[in-house]
Amino acid sequence: MAKPHRPAGMPTRQQILEYIEASGQPAGKREIAKAFGLHGQDKILLKALLKDMADEGLIDIGPGRAFHKMGGVPRVTVLRVVEVDSNQAIAIPERWEAEGIPPPKLRVIERGRKSGALGVGDRFLARTEDAGKGLVAHPMKKLSKAEEQLLGVVERGENDRFWLKPVDKRIRHATLISDLGGAAPGDLVLCEASGRPPKVTARVAMVLGDPFAPKSFSLIAIHKFGIPHVFSEGVEQEANTVSALPLHADKREDLRHLPIVAIDPVDARDFDDAVWAAPDEDPANAGGFRVIVAIADVSFYVRPASALDREARKRGNSVYFPDLVVPMLPHALSSDMCSLKAGQDRAAMACHMTFDAKGAMKSWRFSRAIIRVAANIPYEDAQAAIDQNKPLSFRGGVGEGEGLLETALKPLWACWQVLAKARNKRGPLELDLPERRVVLDDAGRIMSVAVRERLDAHMLIEDYMIAANVAAAKALESRKAPVMYRVHEPPSREKLVALKEYLATYDIGFALGQVITPTIFNRLIERLEDHEARPIIMEQILRSQTQAYYSPQNAGHFGLALGSYAHFTSPIRRYSDLLVHRALVGAFDLEMPAPKGGNLPPLTSLSQEDYTHMARVGDLISQAERRAMEAERETVDRYVAAYLAEHVGEVMKTRITGVQSFGFFASVQGLGGDGLVPVSMLGAEYFTYDEAHRALIGEQTGTRYHVGQEIELRLVEADPVGGSLRFELPDGPSFAMSGAPGGRNGAKRPPRPLRRQGRPANIRHTSRKRGPVKRR
């Protein structure tokens with residue numbers, strides 16, 4: 001660019017503003033001084049002038065101490081994605097202090113990015129420019145979520161200094177708070193980090209309240225992971241409008257005469273699927289069955305390019321916490337008009353399937369239907385009715401139970417026995433891993449944490465849903481229509497090698513030269529029926545699998561042993577399923593009449609935009625799914641820690657889940673929640689860390705701690721905010737201080753804070769590459 005005219009003496013405020021605006025690169029004090037030919041004393045005067053301009057609100061300072069016009073955007077700055085509009089990411093400056101001026105929205109141009117699409121909440125360093133039709137941003141570097149915000153609890157330290165205790169259990173140190181922002185000790189707060197390591201401080205940006213109040217554990221996850229949880233007034237209004245649309249029963253297939261039932265968890269918040277089965281009356285298909293899987297017709301209400309559609313795509317899926325649900329759709333739809341409630345007419349997308357006596361799918365078709373669910377039945381009640389051969393006795397179900405055992409449940413179970421034949425022949429991956437269930441009372445207090453029982457009723461519904469998902473994928477393929485596949489690729493060789501090495505520590509062989517199929521893993525699990533490490537090995541097998549994702553490019557589903565698979569059965573809570581519904585509407589001419597009046601888009605099939613940007617949308621909703629899974633898992637960990645906080649000091653049965661040189665991790669049997677036993681808590685004996693066998697071995701006594709071992713431990717600390725636990729041996733230091741034989745006057749020592757284990761004095765390290773090395 002041309003150099004500015006150099007005036008005699010100091011430049012004026014206007015000249016500095018004009019230079020900053022015209023500069024094609026970040027303009028710091030050095031660049032401004034050079035541009036105006038300032039030296040010596042003039043540079044000191046320039047520094048004072050720039051400070052005055054900042055105080056007056058004329059300029060602001062951005063990354064790299066570069067100045068920009070207040071109300072403007074720096075040439076290079078940090079942006080945060082706030083929405084994805086028509087598959088175009090929209091971002092705003094992360095730091096914006098222009099009072100009275102809303103932060104500008106920049107269109108993000110992501111040409112040639114290899115790291116995946118940017119999603120809502122992502123932060124990135126960008127080069128910005130005015131493209132004539134508005135500001136645009138060119139991403140330079142995606143920034144880590146950990147750099148975004150700090151979430152924690154305010155604690156008072158010495159000399160009236162305040163510290164932020166992090167909620168992330170992976171962070172073992174507190175951060176000094178430089179600005180309380182009205183927070184008080186004990187408050188859960190959201191902070192912005194300032195400074196550079198090691199002198200990083202926190203500034204309170206938002207006070208979230210009491211971290212132990214009902215729903216706070218979920219709020220921690222919502223804020224930590226940036227999960228959108230508030231619907232705009234416009235989206236809520238549109239949901240109310242479409243929920244009043246007529247169902248057009250005369251244009252739908254009427255299935256209200258069938259005893260269709262919805263079988264769900266007793267604490268289900270929405271009901272998006274219902275099932276029906278009956279023996280096939282066709283003599284040519286003796287022993288076969290006819291099946292209907294009816295799914296809420298969400299595409300009728302959520303139309304492409306509508307406000308509801310944009311919001312649903314941004315969220316990607318519903319997020320389920322023990323105490324609340326963050327729905328993908330407003331409650332007017334998710335828990336009302338799109339929820340298949342007993343006794344109420346509902347719009348549905350029906351998948352009609354016919355199976356032969358061996359469980360093979362002979363035919364399928366899809367229709368838009370109107371249904372009236374006969375009953376909402378909890379899994380446990382359906383199972384009890386079948387096991388005891390007695391009429392349904394509802395504990396949490398809704399609807400009339402009389403007669404449904406014969407007309408609905410028994411045909412469903414009979415058909416499922418047929419489907420099980422095909423499933424067993426197919427050989428999908430069978431990992432029987434426990435799922436924890438947190439039970440709360442009406443006030444949000446924890447009543448219990450237990451492993452959710454796995455019933456035949458669960459597997460029955462799962463198999464019907466899998467069948468409908470396969471039918472949807474094959475139906476769309478038959479019409480050469482776009483498909484949002486659910487893809488699960490086979491394990492990578494690197495992960496298989498790691499699994500082989502892991503199994504070798506248990507003297508279990510695993511050949512790599514064979515073609516890897518789910519059946520190979522199933523046979524391995526069968527061999528471990530009585531092995532003490534069976535649950536841990538199943539966890540390791542799970543970790544060896546690739547992560548499933550959504551894509552318009554089919555690569556099969558390894559875990560289910562299926563060549564084509566698409567999610568169709570949960571459009572209330574998954575955006576992928578909504579896209580599959582839209583594709584079916586277009587492929588099979590199932591369009592419904594356009595609503596009269598209003599501004600709603602007329603079509604319910606895939607739009608050109610849906611089709612064009614399907615790969616990008618697949619990336620976005622895959623990211624949202626991973627975000628939800630991590631948030632849900634962390635929240636359950638916090639509830640487990642809160643539940644166990646009432647049992648600190650007690651000895652409990654645990655299983656060792658991991659061993660490192662600094663100690664081992666153990667999980668409470670039946671509850672979960674990993675806790676650390678630092679090697680410093682194992683006594684004065686030296687321990688050798690055997691890396692190959694993942695074990696700690698005492699040098700004098702030969703005491704061995706290894707993965708999979710069942711062991712009794714004393715709980716000495718449970719941190720509900722961080723979701724972390726700490727254990728010690730039953731006769732450890734806390735026991736000695738508690739007044740037990742040999743203790744000190746009955747005085748119980750308070751649990752010590754968890755500290756990073758550096759190089760403990762009582763540990764030696766061995767590996768396959770080198771001999772014992774004493775850690776100092």
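How many nonpolar, polar and charged residues are in the lining of the largest cavity? The tour reaches that stop after a view of the whole chain.

**Before selecting anything**

This is a predicted model, in which local features need pLDDT of at least 70, side-chain atom pairs count only at pLDDT 80 or more, and totals for chains, interfaces and linings use all residues. Residues are numbered from 1 along each chain as its sequence is written, and side-chain values use heavy atoms, with hydrogens and water left out.

**Whole protein**

Show the protein as a cartoon. It has 18 helices and 36 strands; helices (H or I, at least four residues) and strands (E, at least two) are DSSP runs, numbered from the N terminus. Of the 776 residues, 50% are buried, meaning under 20% relative accessible area with a 1.4 Å probe, protein chains only.

Colour by pLDDT, the predictor's confidence in each residue, from 0 to 100. The average is 84, and 86% of the residues score at least 70. Next select residues 740–761, where pLDDT is below 50; this stretch has 44 contacts in the model beyond near neighbours in sequence, a contact being heavy atoms within 4.5 Å. Where pLDDT is low, the predicted coordinates should not be read in detail.

**Largest cavity**

Select Pro-265, Val-266, Asp-267, Tyr-379, Glu-380, Arg-437, Arg-452 and His-458, which line the largest cavity. A cavity is a set of points on a 1 Å grid over the protein atoms alone where a 1.4 Å probe fits but cannot get out, and lining residues have an atom within 4 Å of a point. The lining has three nonpolar, one polar and four charged residues. Here Ala, Val, Leu, Ile, Met, Phe, Trp, Tyr, Cys and Pro count as nonpolar, Asp, Glu, Lys and Arg as charged, and the others, Gly among them, as polar. The volume of the largest cavity is about 50 Å³, taken as the space filled by probe spheres set on grid points joined across faces, edges and corners.

**Helix H15**

Select residues 575–587. The 13 residues of H15 should span 18 Å at 1.5 Å a residue, and its end C-alpha atoms are 19 Å apart, which agrees; the expected span is 1.5 Å times one less than the number of residues. Twelve of the 13 residues are buried, including Tyr-575, His-581 and Arg-582. Asp-589, which follows H15, has a positive phi, near 55°.

**Helix H17**

Finish with residues 614–644, where the end C-alpha atoms of H17 are 45 Å apart. In H17, 22 of the 31 residues are buried.

Terms used:
On a 1 Å grid over the protein atoms alone, a cavity is a set of points where a 1.4 Å probe fits but cannot get out, and a pocket is an open set with protein on both sides within 12 Å along at least five of seven lines; lining residues have an atom within 4 Å of a point.
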